[in-house]
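This briefing goes through selected local features of one protein chain. Please keep the structure open while reading.

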Amino acid sequence: MYITTTIPYVNARPHLGHALELVQADVLARHHRRRGEPVRFQTGTDDNSLKNVLAAEAAGVPVRELVDRNAAAFEGLRGPLALSFDSFIRTSTHPAHREGVERIWRETGHDLYQRHYEGLYCVGCEQFYPEGPCPDGHEAPLQRVSEQNWFFRLSRYQDDLYALISSGRLRIEPAARRNEVLAFVAAGLDDISVSRSAARARGWGIPVPGDPAQVVYVWWDALANYITALNDGGGGDYERWWVREPSKVHLVGKGVIRFHAVYWPAMLLSAGRPLPTAIFVHDYLTADGRKISKSSGNAADPAALVRAYGTDAVRWWLLREVPRVGDADFTEARLVARADEDLANGLGNLVSRVATMVVRFLDGHVPEEGEPLAEVDGVVDAALAEFDFRRAALAVWTLVEEANRYVELARPWQQSPREREASLGTLVRTCRELAVQLEPFLPGAAARVSAAVGAGRLTRPEPLFPRHARPAARGTA
RNA sequence: GGGGCGGUAGCUCAGCCGGUCAGAGCAUCGGACUCAUAAUCCGUGGGUCGUGGGUUCAAGUCCCACCCGCCCUACCA
């Protein structure tokens, strides 16, 4: 499976919304790797956006410096969020990227033509609008732009795209999003402008081959990363992951569906390249009921949240509480409640009590016999197949709940030695199974559970998870 | 303007083709237990399922209208 996230433009530091997409992709990657499937997990940054240029100008720093600094912040999420991406591409520095963009440009040459264009351009959206103001409410006013641009014959691919998506050959999830795209395609596709004047872009970006006065439209440039990251000029990765791989999944936010579900497949069709097989569209996060923005502060800064509460707590909130459909509101109080109730009181306490009983009653020796209490692999698998991370996480959690109930039922401290051996054997095996099932979701926690109830003689473990709220304050924060 | 999604207990949400669908978790209250991070387990209370109509023997569950929130799309005067 080839899994990609979108590559964010780096006019600012990453926020929690970026973390959501990265963590979702990471869960898919880890889940499929665990099942022995070949996986390539790809992410990176879009350095070539005009927005980066403007942000740098506003900050009074060279573009290169701002882009490098912010790109480093994105790549730096790897550790704090425990991400397992296999490669991280930066569109301004990856050696094969520029070359790859030029190559697709040439391959689609039969669908490119020059046309004079005049319109209102929103730099915030990197998009033209027939009239103002910009529907997203970006602060910068729309610019009246009049220039000679390159256009792509998108209109030519309307029928192909419709057939592709309605047949499911290009799967778009959730279904409501697929319908949205189909409605858009069916309404008729106009050709799109795919270049900008180099002057207006301040010379930032990739020059159009044979027309240095123009730079390649940033979306065209950015979308290409999905194949240029594989060094599509040669070297085997492209062949392996884009041509032969049967499952190619793009994770994208709802704001960029059209680029991924319409423009990108059309580009590939025009270039005679293989297409992705699935696009999963997630909705957005809000923080304290408000749209996440640069002014949201720490509440939406994933690195800061990890410093305060740890990797597991942040990942767990993103996976356990964000629905497949619909925006989700993030609050620190909810993250703390989840971490305390689920991780500390639920999982941590379970492992703690099981290990302690093995130490106390069996001198630390784990019984030979025992089977996990339940099988959740199938449910997790089914949930992840439809990108329902919350349902998958919940399924794993049923193991914790079953195990805690089982302790109360069996009451090993009152059992005969023989009964006790059996019940503790069951509990240890269940905890081990938990570690296995949990790995894609909470790799750090899984490793700690594994260590606490692993092979050899058990010892009384330290608490696996800290509690963040005082008991008396729980739920009121 | 057109299209889509959501509006279910205080909070977060499950409820596919109409008939144990009125549910879960958290919070509240009561009980049990003591292996455990004062954690855990069991039970109670609580909702006119956005509003108003309609179809049906029967509707959160289908149809229509409207209200609220969000998204996509478009701009006729």
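The model is predicted. A search of the whole structure finds 16 aromatic pairs, and some of them are described here.

**Helix packing**

- Two packed helices are described by the angle between their axes and the distance between the axes.
- On the α12 side the contact is made by Trp316, Leu319, Arg320 and Glu321, and on the α15 side by Phe389, Arg390, Ala393, Leu394 and Trp397.
- Sorted by class, this contact has six nonpolar and three charged residues, with no polar ones.

**Strands β2 and β3**

- Strand β2 (residues 40-45) and strand β3 run parallel and are joined by four bridges.
- Across this pairing, Thr43 stands opposite Phe88 in β3.
- In a regular strand the side chains alternate between the two faces of the sheet.
- In β3 (residues 87-90), Ser87 and Ile89 point one way, while Phe88 and Arg90 point the other way.
- All four of these β3 residues are buried.

**The sheet with β14, β15 and β16**

- Three strands make an open sheet in the order β15-β14-β16, with mixed pairing.
- Strands β15 (290-291) and β16 are the edge strands, each of them pairing on one side only.
- Strands of a sheet pair through backbone hydrogen bonds, either parallel or antiparallel.
- Three bridges connect β14 (residues 285-287) with β16, and these two strands run parallel.
- In that pairing Thr286 is opposite Asp329 of β16.
- Ala328 is also in strand β16, and it counts as buried because its relative accessibility is 6%, below the 20% limit.
- The C-alpha atoms of Ala328 and Leu285 are 5.0 Å apart, although the two residues are separated by 43 residues along the chain.
- Leaving out residues up to four places away in sequence, Ala328 touches Tyr284, Leu285, Thr286, Val322 and Pro323.

**Aromatic pairs**

- Phe85 and Phe88 form a tilted pair, with 5.6 Å centre to centre and 45° between the planes.
- Phe85 is buried at a relative accessible area of 6%, and Phe88 is buried at 18%.
- Trp317 and Phe330 form an edge-to-face pair, with 4.8 Å centre to centre and 85° between the planes.
- Trp317 counts as buried at 1% relative accessibility, and Phe330 counts as buried at 1%.
- A cluster linked by ring pairs consists of Trp105, Trp150, Phe152, Tyr157 and Trp220.

- Ser423 is found in helix α16 (residues 417-438) and counts as buried, with 2% relative accessibility.
- Apart from residues up to four places away in sequence, Ser423 touches Tyr406, Ala410, Pro412 and Gln415.
- Asn225 is placed in helix α8 (residues 225-228) and is buried, with a relative accessible area of 1%.
- Neighbours within four places in sequence aside, Asn225 is in contact with Ile7, Gln42, Ile89, Thr91 and His97.

**Backbone geometry**

- Most residues other than glycine have a negative phi, and most peptide bonds are trans.
- The peptide bond from Glu173 to Pro174 is cis, with omega near -10°.
- Pro174 sits in the loop between β7 (171-173) and α6 (175-186).
- Ala82 has a positive phi, near 55°, and lies in the loop between α3 (63-75) and β3.
- Asn231 likewise has a positive phi, near 55°, and its place is in the loop between α8 and α9 (237-244).
- Asn231 is partly exposed, with a relative accessible area of 27%.

Terms used:
Residues numbered from 1 in each chain as written. Chains lettered and ligands numbered in written order. Predicted model: local features only at pLDDT ≥ 70, side-chain atom pairs only at ≥ 80, totals over all residues. Heavy atoms only, no water. Contact = heavy atoms within 4.5 Å. Nonpolar A, V, L, I, M, F, W, Y, C, P; charged D, E, K, R; others polar. Buried < 20%, exposed > 50% of the residue type's maximum accessible area, 1.4 Å probe, protein only. Pairing = 2+ DSSP bridges. Phe/Tyr/Trp six-rings, centres within 6.5 Å; stacked < 30°, edge-to-face > 60°.
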